[in-house]
Amino acid sequence: MYRDYNKTLIFNGSPRKNGNTAQIINKLTKLLKGEYKVIDTYYCNISPCMDCRWCRENSGCCIDDEMQDIYNYIQECDNIIIASPIYFSELTSKLLDVGSRLQTYFSARYFRNENPIIKQKKGAVILAGGGDGNMDKAYDTACTLLKHMNVTDVSPAVCSHTTNIKLALEDEIFINQLVKLADFLNKRYGQL
Ligand SMILES: Cc1cc2nc3c(=O)[nH]c(=O)nc-3n(C[C@H](O)[C@H](O)[C@H](O)COP(=O)(O)O)c2cc1C
């Protein structure tokens, strides 16, 4: 069904309720048009995939938890954002736990020869690191998760590399990147 506003799904990979990632998401959602939904991966009721292999033969996932609503939102949304601190050069473990539930989409394509998500989406990766500067691995992992959700247009990574020294929201270069990212996400597909 046609809608004239965007829906954006945001995965928050930080355990810190008012940390850099939470503050970045708060700022970004003020810049985004349309509606949005945030999944706080450290506080939601979403279990990791147990590799039970049910989805090799059935669509969806047999684990009955909050992820069921997220699967519905993934179908209909226009944008998906992965926002995470860097832990040992990777996305955080809870974000990867939630991400593991996207295996159902891999199973649909690979084992059942089905297309589980028709609608193409735009995506973004936002990373906060204390200071070692290595964001590539986390960005690649985030892109893999986005690809599973049929994100076909991912913006370059938006990173705050030095949160040990200053907050992400005090980093002017980072804020400029965030504003540009909001512009990219606010454009409807026909306007690209
Ligand atoms: C377990 C752990 C591992 C971390 N590993 C890295 C790292 O590899 N590279 C880096 O730049 N920062 C690393 N950090 C620092 C965090 O990425 C940084 O403090 C970040 O801003 C936290 O985000 P938040 O404030 O949104 O929670 C690590 C922090 C923790 C707790």
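Modeller: Let us begin with the surface, bearing in mind that this is a predicted model. Phe106, Tyr110 and Phe111 make a nonpolar surface patch of about 310 Å².

Colleague: Where is Tyr110 found, and is Tyr110 buried or exposed?

Modeller: A residue counts as exposed when its relative accessible area is over 50%. Tyr110 has 59% and is therefore exposed; it belongs to helix H4, residues 103–110.

Colleague: How many salt bridges does the structure hold, and with which residue does Glu35 form one?

Modeller: A salt bridge requires a side-chain nitrogen of Lys or Arg within 4 Å of a carboxyl oxygen of Asp or Glu. The structure holds seven. Glu35 pairs with Lys7, their closest N and O atoms being 4.0 Å apart. Because Glu35 lies in strand S2 and Lys7 in strand S1, this pair ties together parts that are 28 residues apart in sequence.

Colleague: Which other salt bridge does Lys7 form?

Modeller: Lys7 also bridges to Glu76, with closest N and O atoms 2.7 Å apart. Glu76 lies in helix H2, so here the parts tied together are 69 residues apart in sequence. Lys7 is buried at 12% relative accessible area, whereas Glu76 is partly exposed at 32%.

Colleague: What is Thr163 in contact with, beyond its neighbours within four places in sequence?

Modeller: Its contacts are Asn20, Ala128, Gly129, Gly130 and Ala168. The C-alpha atoms of Thr163 and Ala128 are separated by 6.9 Å, although the two are 35 residues apart along the chain. Thr163 sits in the loop between strand S6 and helix H6 and, at 19% relative accessibility, counts as buried.

Notes. Residues are numbered from 1 along each chain as its sequence is written. This is a predicted model: local features need pLDDT of at least 70, side-chain atom pairs count only at pLDDT 80 or more; totals for chains, interfaces and linings use all residues. Side-chain values use heavy atoms; hydrogens and water are left out. Patches are made of residues with over 30% relative accessible area and no salt bridge: like charges are joined within 9 Å, nonpolar side chains (Val, Leu, Ile, Met, Phe, Trp, Tyr) within 5 Å. Accessible areas come from the Shrake-Rupley method with a 1.4 Å probe; for residues, only the protein chains shown count as cover. Helices (H or I, at least four residues) and strands (E, at least two) are DSSP runs, numbered from the N terminus. Buried means under 20% relative accessible area, exposed over 50%, partly exposed in between (1.4 Å probe, protein chains only). Contact means heavy atoms within 4.5 Å.
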